[in-house]
Amino acid sequence: MKLSNYFLPTLREAPADADNISVKLMFRAGMIRKLASGIYEWLPLGLRVLKKVENIVREELDKINGQEVWLPVIQPKELWMETGRWQIYGKELLRIQDRKDSEFCFAPTAEEVITNMVRRDVSSYRQLPILLYQFGEKFRDEIRPRFGVMRAREFYMKDAYSFHATEADSDVWYQKLYGAYESIFTRCGLKYKPVEADSGPIGGNQSHEFMVIADTGEAEIALCECGYAANTEKAETAEPPARTVDPSKFAPLKDVATPGMYTVEDVSRFLKLNKKQAIKTLFFLADGEPVMALVRGDHELNENKLRRVLSAAELEKAPQHIYEAVAGCPAGFAGPVDIKNKYVPGRDTKPLKTVIADYALKGVFNGFSGANKNDTHTVGINLGRDYTPDAFADIHAAAEGDLCPRCKKPFIFKRGIEVGQTFKLGTKYSKSLKCEFLDERQQSVPMVMGCYGIGVSRTVAAAIEQSNDEWGIIWPASIAPFEFSLVSIETEASGILSQSQAVYDQLHASGFSVLWDDRDERPGVKFKDADLIGLPFRIVVSAKTLKDGECEFKRRAEKTAFRWKLAELPVKLAELKTALGK
C-alpha cells in the first residue's frame with residue numbers, strides 16, 4: 001500500500017481529552033477518531049490491527065473445535081426477564097423501544113441469546129459438549145467512559161460459550177479454553193498474567209482474568225512468589241498473626257467533637273492518629289436487610305467478598321435514612337460501639353441484622369470510629385470490651401502488607417490491563433432459561449455452561465500501552481497493521497522510485513505486508529510518521545544508499561540501523577521470515 005493513496009490522517013498532538021497513552025497514540029497514528037463519548041470510528045490502519053487480533057483468536061478457537069456464530073446485538077427484554085437480569089443489570093444496560101413499544105436492549109453480553117439458541121436445538125447428551133463463539137459489537141452505557149477504546153461504551157469483543165452434560169466435562173473444557181487463551185495472547189506478542197478474578201454480574205463459581213502487564217494498567221494485581229495471582233478485587237488475604245494486647249493498656253472511651261469531618265483522612269488528621277487505628281463503619285442492604293461492615297481505616301471494603309460472606313444475592317450501599325435509623329446519625333459518624341441498641345424504628349427500616357468485621361481489625365488497639373451521633377467520633381475503642389462483631393472475615397481489597405493465603409508471604413503488586421476473562425457458569429443460566437437435555441437415563445437436566453470473553457478492541461489498546469516509546473507505537477510483528485515501513489527519500493532523484501518499487505515488490509514476494517511512504521515530504525516528516533505508526537521493520541531507500549547498491553534496515557524496537565545489499569535482499573528477507581515463524 002502506497003502512503004500517498006492511503007487514508008492515514010496522523011496528528012502532531014492528541015486531543016486534549018485523551019487520557020492515556022494508547023488513546024493518544026491511536027489518535028495521532030490515525031487509527032481512530034471519536035464520534036461521541038465512548039464511541040469511536042476505526043480508520044483503515046486501526047481496523048487492520050483489530051482484524052489481525054480477531055484472526056488469531058479465531059484460529060486458536062477453531063483448533064479446539066469452536067464453531068463461529070453471529071448473534072444479534074439487539075436483544076428482547078423477555079429473555080432478560082427470564083434470567084432476572086433485566087431488573088438488576090443497572091443503568092449500563094442500554095434499553096430501547098421499537099415502533100410497537102416492544103422493549104429491547106443493546107447487547108452488553110450474550111448469555112441469554114446463546115442459551116436460548118442452544119435450548120431450542122440441543123436436546124440430548126449425544127449433542128454435547130459444544131463450543132460456540134462470535135465476534136461482535138457490545139454496548140455498555142458507562143457513566144464515565146475513559147481510556148479511549150479500553151473503557152468505551154461501544155466495543156468489539158469475542159464471546160464464547162460452552163455447554164456440557166457434566167461438571168467434570170465443563171472442567172476439562174475450561175482448561176482447554178484457558179490454554180487457548182494462553183496461545184492467543186502469546187501469539188499477539190503480549191506479556192500477560194492469568195489471575196483469579198471475581199465473576200461479577202455474569203456469575204459463576206470460578207473465573208480468571210488475563211492481564212497484560214503495564215505500568216499504566218487500570219487494574220491492580222496481587223502476586224506471590226508461590227504462584228498465587230489475583231486481581232485485588234478477588235485476592236484473598238491470610239488472617240494476620242494473632243496479637244496479644246494487655247487490657248490494662250486500653251484507653252478509656254471518649255467522645256470528641258468532629259464537626260463536618262466525615263472521612264478517615266480528615267478525622268485521623270484532626271485526632272493526630274494513624275489511619276490504621278480507624279474502624280471504618282459502612283452500612284449495606286443485603287437482600288433488603290441492613291448489615292454493618294467494619295474495615296480498618298487504611299483499607300477499602302471489597303463488596304464482592306462481603307456479598308459472598310453474607311451469601312447475599314443482592315448487596316447495595318445503604319442510603320442515608322438507613323444510617324439514621326440504625327445508628328441514629330448521618331453517614332460518616334456511625335461506629336460499632338453499642339450499635340445494636342441504637343435502632344430507631346421508622347421509614348420501613350428493619351433492625352441491624354449482622355455485623356461483619358475484617359480480620360485486620362483484630363490488631364487495632366485503642367482505635368477510633370464514629371460515635372453514632374452527629375459531628376462526633378469516639379476514641380479508645382477496643383475489641384471485646386467495646387464491641388463484638390457477629391463474625392470476622394476477609395472483606396477488604398488486598399493491599400500493601402497483606403499476606404498470601406497459600407504461603408503467608410507478603411504480596412507484591414503490579415498494574416495490569418484486562419484483555420480476557422473466563423468463567424465457569426455452572427447452571428446459572430441454563431436453569432433460569434430451562435436449557436435442558438436428556439441424559440443417558442432419559443432424565444431432563446440443565447446443561448453446565450462456561451463463558452469466555454476477549455476484548456478484541458481492548459487488546460489492541462493494551463498492546464500499545466505495553467509497547468511504546470517517546471516516538472510512538474512499537475507493534476509486535478504478529479498484530480502490526482503492516483510488517484514493513486518502506487521509506488523513499490528524495491523521491492525526485494533519479495532511480496529512487498523505481499528501486500523502491502523493486503524493493504516493494506520483493507517484500508511482497510517474500511510474504512510481507514508493506515506501507516510504502518512515497519510522499520513528497522521531508523525525510524524528518526517521514527521518519528517521525530514511521531516511528532509514530534510503529535511498524536516492526538523499516539527499509540529506507542535513498543540516493544546515499546543506492547550509491548553503494550544498498551538499502552537501510554532497522555527494527556522499530558532497536559536504535560541501530562544496518563545496511564543491506566540490495567542483491568542480498570531476498571536472502572535477508574527469507575532469514576527474517578524464518579525467525580518470525582512465518
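**Entry: R187 and E59.** I started with a salt bridge in this predicted model: the side chains of R187 and E59 meet there, with 2.7 Å from N to O. Then I checked where the two partners sit. R187 belongs to helix 6 (residues 167-187) and E59 to helix 2, so I noted a link between distant parts of the chain, 128 residues apart.

**Entry: E218 and R458.** Next on my list was E218, which forms a salt bridge with R458. I read 2.1 Å between their closest N and O atoms. I found E218 in the loop between strand 10 (206-213) and strand 11 (219-223), while R458 is in helix 11 (residues 456-466). The two are 240 residues apart, another pair that links distant parts of the chain. For accessibility I wrote down 23% for E218, which counts as partly exposed. R458 comes in at 13% and counts as buried, because the cut-off for buried is under 20%.

**Entry: E483 and K582.** I then went to the salt bridge between the side chains of E483 and K582, at 2.9 Å from N to O. Which parts of the chain does this pair tie together? E483 lies in the loop between strand 26 (472-473) and strand 27 (484-488), and K582 lies in the segment after helix 15 (569-579), so the pair ties together parts 99 residues apart in sequence. I have E483 down as buried, with a relative accessible area of 6%, whereas K582 is partly exposed at 44%. I also jotted down a network: K51, E54, R58 and E68 are joined into one by salt bridges that share partners. How many salt bridges did the search of the whole structure find? My note says 40.

**Entry: K424.** I took a quick look at K424, which is in strand 21 (residues 412-426). Its side chain and that of D171 are joined by a polar contact of 2.9 Å. K424 is buried, with a relative accessible area of 13%.

**Entry: the domains.** I stepped back to see how the protein is divided. The domain assignment gives domain 1 as 16-71 + 111-236 + 414-464, domain 2 as 247-393 and domain 3 as 482-580. Six residues from domain 1 and five residues from domain 3 take part in the contact.

Entry: How much area do domain 1 and domain 3 bury between them? I noted about 500 Å², with 70% of it on carbon and sulfur atoms. I went looking for salt bridges across this interface, and the count is zero. On the side of domain 1 that touches domain 3, helix 1 (21-28) and helix 2 (44-63) each supply at least two residues. Helix 2 gives the most to that side, with three residues. By type, I sorted the residues of this side of domain 1 into three nonpolar, no polar and three charged.

Definitions and conventions. Residues are numbered from 1 along each chain as its sequence is written. This is a predicted model: local features need pLDDT of at least 70, side-chain atom pairs count only at pLDDT 80 or more; totals for chains, interfaces and linings use all residues. Side-chain values use heavy atoms; hydrogens and water are left out. Domain bounds come from an automatic or database domain assignment. Contact means heavy atoms within 4.5 Å. Buried area is the accessible area (1.4 Å probe) that two parts lose on being put together, summed over both. A salt bridge is a side-chain nitrogen of Lys or Arg within 4 Å of a carboxyl oxygen of Asp or Glu. Helices (H or I, at least four residues) and strands (E, at least two) are DSSP runs, numbered from the N terminus. Ala, Val, Leu, Ile, Met, Phe, Trp, Tyr, Cys and Pro count as nonpolar, Asp, Glu, Lys and Arg as charged, and the others, Gly among them, as polar. Buried means under 20% relative accessible area, exposed over 50%, partly exposed in between (1.4 Å probe, protein chains only). A polar contact is a pair of N or O atoms within 3.5 Å; within protein, one must be able to donate a hydrogen and the other to accept it, and residues adjacent in sequence count only if both atoms are side-chain atoms.
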